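Here is a walk through how the parts of this assembly meet, from the inside of one chain out to its neighbours. Have the model open while you read.

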Amino acid sequence: MVREIRLTGHFDPEALQGFAMARAELLAVEITKMSVSQSRFEARIVGEEALLGMFEMSCLLGPAGCIVTGAEDIA
Amino acid sequence: MRLRDWALDDRCYAVRLGASLMGVHLPTITDAAALETGPVLEIDGGCLRGPADILQRLTSLPEVSRDWHLGIGEERRDAWAESALEQLSHLRRAALLAALPTDGVPPSVFRLMTEIEDRLSDDRLCDRPWLSGRHPGVADILLFPIVALSQDLEVPLDLYPAIRNFIRQFKALPGFMTMPGVPECH
Amino acid sequence: MTDWFPLALGMDVPSETAAPARLYGKEIALWRGADGQVHAWEDRCPHRGMRLSFGFVRNGNLACLYHGWQFGADATCRHIPAHPELRVPGTIHAHAYRAEERAGIIWVSLNEDASLDELPDEDAFGARSILVQAPLASVRVALALPEEGWKWQEDCLVAAHEPEPGLTMLHMASATLANRLDIAARAKTTRDHLEALNEKVPA
């Protein structure tokens, strides 16, 4: 399954990117595209549906210093 | 018969726990005074105070198994366990009611835990599974809230293996019940 | 330098239970399956960071208390209760360290290449793991223990580790089953002596 997700909020881009990559590796989720700024995180993710859900959930909680205020599917 | 009870008080918990383990139906009435005085049992037109006396009274009820009485020649440790529970209760109230968080485990808590750990550890090597001997008794019921709620004082249980062992075997008793701060057994 | 640390007596981690341990503040979950095998893992569920030592052992797996994720003896995740149909990918796993049980004591190494030659190979029976409120270095000096590792003192194997700075867990095992009570009594005397000594040392 493929999903594209977008999170908005206040991010430490480096921390969030590292966190997302580590989580993806743990959950056997492939990130085929990712962009991170101080206010937006977008990723195209490939994997089992349940695992994509877990990936999204962990990004919603995020690492320290990252606050998510909005989340949507963009594809 | 009725218990004047405060749900979050450790000494009241000891009495509710004991009644549940012994299979005694014990109605309770919430009484904020019990936070200070501890549990009070209304029975036979009078009032009985002190968790050890109350639990001993419960063991003498006709519906309670004789197993909850001490075996012949077995050392009575209820007074020791009750005094330990009073100490914990005092320290725990001080910690929970403190205006500011305290730093580290107070020395008096270490002393109490050490005394309990020594006793449980020696008992185990003597093949004495419970404080009260071969079957759990009043002293064990008084001890459980102390060691379980020591978590409220942030006591690291990796330092006390015999206490961990006691908690585990106690939680497996039929009729075991929890209170806030004491997690369920799995 | 030794890679093996004595973290607990074998008898203090009974079959199908988990127990917490710390080594210089690092939290480690010890657990034992029904087959008797002891495991030592980082005390953190890879899912939400819950301490795995709070968990429970079921069907040869250690299950996290929080959401019930189950990890097998090889530390890989075997089952996620919220997604019973999911074939859990092998990438989800707890972090395992090496664990060996020798002479009644559970030894853990954070180094995968640690040599088993450093461990005692005699039989012994766990008598007491006892907390000493004194730093490990001063305990070693006072007990004439080597700077690292363990030592037989007559019929008693003495080993120690530091769960956090300033606290020592002293592990004592007996060469004979009958002598365990004597050795446990010796452990208490030793602790009282060491703590009295430590109080005299100016901070």
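In this predicted model, the C-alpha centres of domain 1 and domain 2 of chain B sit 20 Å apart. Domain 1 of chain B covers residues 2-68, and domain 2 of chain B covers 78-171. Where they meet, 21 residues of domain 1 of chain B are in contact with 18 residues of domain 2 of chain B. Together the two domains of chain B bury about 1,600 Å², with 67% of that on carbon and sulfur atoms. On the domain 1 side of chain B, the residues that lose the most area to domain 2 of chain B are D10(B), R11(B) and W68(B), which together make up 34% of what that side buries.

D10(B) turns up again in the charged pairings. The rule finds three salt bridges across the interface of domain 1 and domain 2 of chain B. One to look up is R92(B) with D10(B), a salt bridge whose closest N and O atoms are 2.8 Å apart. The rule also finds eight residue pairs in polar contact between these two domains of chain B, with both residues at pLDDT 80 or more. Which elements give two or more residues to the side of domain 1 of chain B that touches domain 2 of chain B? They are helix 1 (10-22), helix 2 (34-37) and helix 3 (51-59) of chain B. Helix 1 of chain B brings the largest share of that side, eight residues. By class, the side of domain 1 of chain B that touches domain 2 of chain B has 11 nonpolar, four polar and six charged residues.

Now for chain B as a whole. Chain B has seven helices and four strands, and from the N terminus its elements go β-α-β-α-β-β-α-α-α-α-α. Along the principal axes, the C-alpha trace of chain B spans about 45 × 40 × 30 Å. The radius of gyration of chain B is 16 Å, which agrees with a compact globule, because one of 186 residues would come out near 16 Å.

Next, the neighbours. Two pairs of chains are in contact, and chains B and C share the most contacts of the two. Chain A and chain B do not touch, and their nearest C-alpha atoms are 23 Å apart.

| Parts | Buried area | Part on carbon and sulfur atoms |
|---|---|---|
| Domain 1 and domain 2 of chain B | about 1,600 Å² | 67% |
| Chain A and chain C | about 890 Å² | 67% |
| Chain B and chain C | about 2,000 Å² | 56% |

Let's take chains B and C. Here 18 residues of chain B are in contact with 25 residues of chain C. How many salt bridges does the rule find across the interface of chain B and chain C? It finds five. Among the salt bridges is the one where the side chains of R128(C) and D118(B) meet, at 2.8 Å from N to O. Six residue pairs across the interface of chain B and chain C are in polar contact, both residues being at pLDDT 80 or more. On the chain B side, helix 5 (107-125) and helix 7 (161-171) of chain B each supply at least two of the residues that touch chain C. Helix 5 of chain B gives the most, eight residues. Sorted by class, the side of chain B that touches chain C has eight nonpolar, three polar and seven charged residues.

That leaves chains A and C. Their contact takes 12 residues from chain A and 12 residues from chain C. In chain A, the residues that lose the most area to chain C are R23(A), L26(A) and M54(A), together 47% of what that side buries. Helix 1 (13-26) and helix 2 (49-61) of chain A each bring at least two residues to the side of chain A that touches chain C. Helix 2 of chain A gives the most to that side, with six residues. By class, the side of chain A that touches chain C comes to eight nonpolar, one polar and three charged residues.

Note on methods
Residues are numbered from 1 along each chain as its sequence is written. Chains are lettered from A and ligands numbered from 1 in the order in which they are written. This is a predicted model: local features need pLDDT of at least 70, side-chain atom pairs count only at pLDDT 80 or more; totals for chains, interfaces and linings use all residues. Side-chain values use heavy atoms; hydrogens and water are left out. Domain bounds come from an automatic or database domain assignment. Contact means heavy atoms within 4.5 Å. Buried area is the accessible area (1.4 Å probe) that two parts lose on being put together, summed over both. A salt bridge is a side-chain nitrogen of Lys or Arg within 4 Å of a carboxyl oxygen of Asp or Glu. A polar contact is a pair of N or O atoms within 3.5 Å; within protein, one must be able to donate a hydrogen and the other to accept it, and residues adjacent in sequence count only if both atoms are side-chain atoms. Ala, Val, Leu, Ile, Met, Phe, Trp, Tyr, Cys and Pro count as nonpolar, Asp, Glu, Lys and Arg as charged, and the others, Gly among them, as polar. The radius of gyration is taken over C-alpha atoms; the globule rule is 2.2 Å times the number of residues to the power 0.38.
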